[in-house]
Amino acid sequence: MALYALGDLHLAYQSDKTMDIFGKVWRGHERKTEKNCNRVMTDEDTLVLVGDHSWGKSLELCELDLRFIENLPGRKILIRGNHDNFWSAKKTQKLNDLYKGRLLFLQNNFYPYEDYAIVGTKGYCYEGLDTREHSDMLIEREAKRLKVSFESARAEGFEKFIMFLHYPPTEIGERQSRFTLMAQAYGVEQVVYAHCHGKERFHDSLLGKVDGIKYSLVSGDYVDFMPQRIL
């Protein structure tokens, strides 16, 4: 039994959005993802999908994308990404009820993996696309949601944590943020994130061991759509 992670599938089985324009790594990425997952994973494994699952703008318009994810091997845990318009925070429980036994949606909750708690949220970081004030508000909101995950897990007796974010844990040039400080405070062993696309973005945030915590980027184009083993 192993824990894997992969982000940014950007599936579009019910939309006209294509990722092919972003380079040859995206050509046929759905088939590549399926092949890679089946090559390295078994149904006893767990796969955390770190946001931006579907271009569908509603649940009805991403049903085929979610079915694709369902058919991947193992238990699937989904983190919300900035392009996942089918999923709002208020809909998390509804999605978990609707896909019970098939998919698990992670927000304001946690999921056990052996003696670890898998915690996470979408996260946020300032990218120059909004005001600093608005960005800070979103960061604080996501930090509060992440704290709910941590405290829910602690209440159930968990003391070991793997933390997942869709956005990188820091802004460009930062070495510390609201999210890294929270990871340190709760004794997180690993932080896994996605969102950073293209070679010019792969080093936007922390990679490797920093202050005793391992940081990993698992964006699909960064890892060529190969699920990355976390544990």
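Trainee: In this predicted model, why is the unit made by E1, helix H1 (residues 29-40) and E2 called right-handed?

Mentor: The term rests on a viewing rule: with the strands pointing away from the viewer, a crossover is right-handed if the path from the first strand over the helix to the second runs clockwise. E1, H1 and E2 make a β-α-β unit that is assigned this hand, and the chain then crosses from E2 through helix H2 (residues 63-70) to E3 in a crossover that is right-handed as well.

Trainee: What makes E1 and E2 a pair, and which way do they run?

Mentor: Pairing requires at least two bridges, and four bridges join strand E1 (residues 3-6) to E2, so the two strands, which run parallel, qualify. Within this pair, leucine 3 stands opposite threonine 46 in E2. On the count of five bridges, E2 also pairs with strand E3 (residues 75-79), again parallel, and there leucine 47 has lysine 76 in E3 as its bridge partner.

Trainee: What makes strand E2 (residues 46-50) count as mostly covered?

Mentor: A residue is buried when its relative accessible area is under 20%, and five of the five residues of E2 are buried. Thr46, Val48 and Val50 point one way and Leu47 and Leu49 the other, so burial under that cut-off is found on both faces of E2.

Trainee: How many residues of strand E6 (residues 116-121) are buried, and which way do they point?

Mentor: Six of the six residues of E6 are buried; Tyr116, Ile118 and Gly120 point one way, whereas Ala117, Val119 and Thr121 point the other way.

Trainee: Which strands does E6 pair with, and how do they run?

Mentor: Strand E5 (residues 111-113) is joined to E6 by three bridges and runs antiparallel to it, with proline 112 bridging to alanine 117, while six bridges join E6 to strand E7 (residues 160-165), which runs parallel. Isoleucine 118 stands opposite isoleucine 162 in E7. The chain passes from E6 through helix H4 (residues 132-155) to E7 in a right-handed β-α-β crossover.

Trainee: Why are E5 and strand E9 (208-210) called edges?

Mentor: The six strands of this open sheet have the order E5-E6-E7-E8-E10-E9, with mixed pairing. E5 and E9 each have a single partner strand, so one side of each is left without a neighbour in the sheet. From one strand to the next, the twist averages 30°.

Trainee: How do you know that H4 packs on the sheet?

Mentor: Contact means heavy atoms within 4.5 Å, and H4 touches E6 and E7, its direction making about 165° with that of E6.

Note on methods. Residues numbered from 1 in each chain as written. Predicted model: local features only at pLDDT ≥ 70, side-chain atom pairs only at ≥ 80, totals over all residues. Heavy atoms only, no water. Buried < 20%, exposed > 50% of the residue type's maximum accessible area, 1.4 Å probe, protein only. Axes fitted to C-alpha atoms, helices over the stretch in contact; angles between N-to-C directions.
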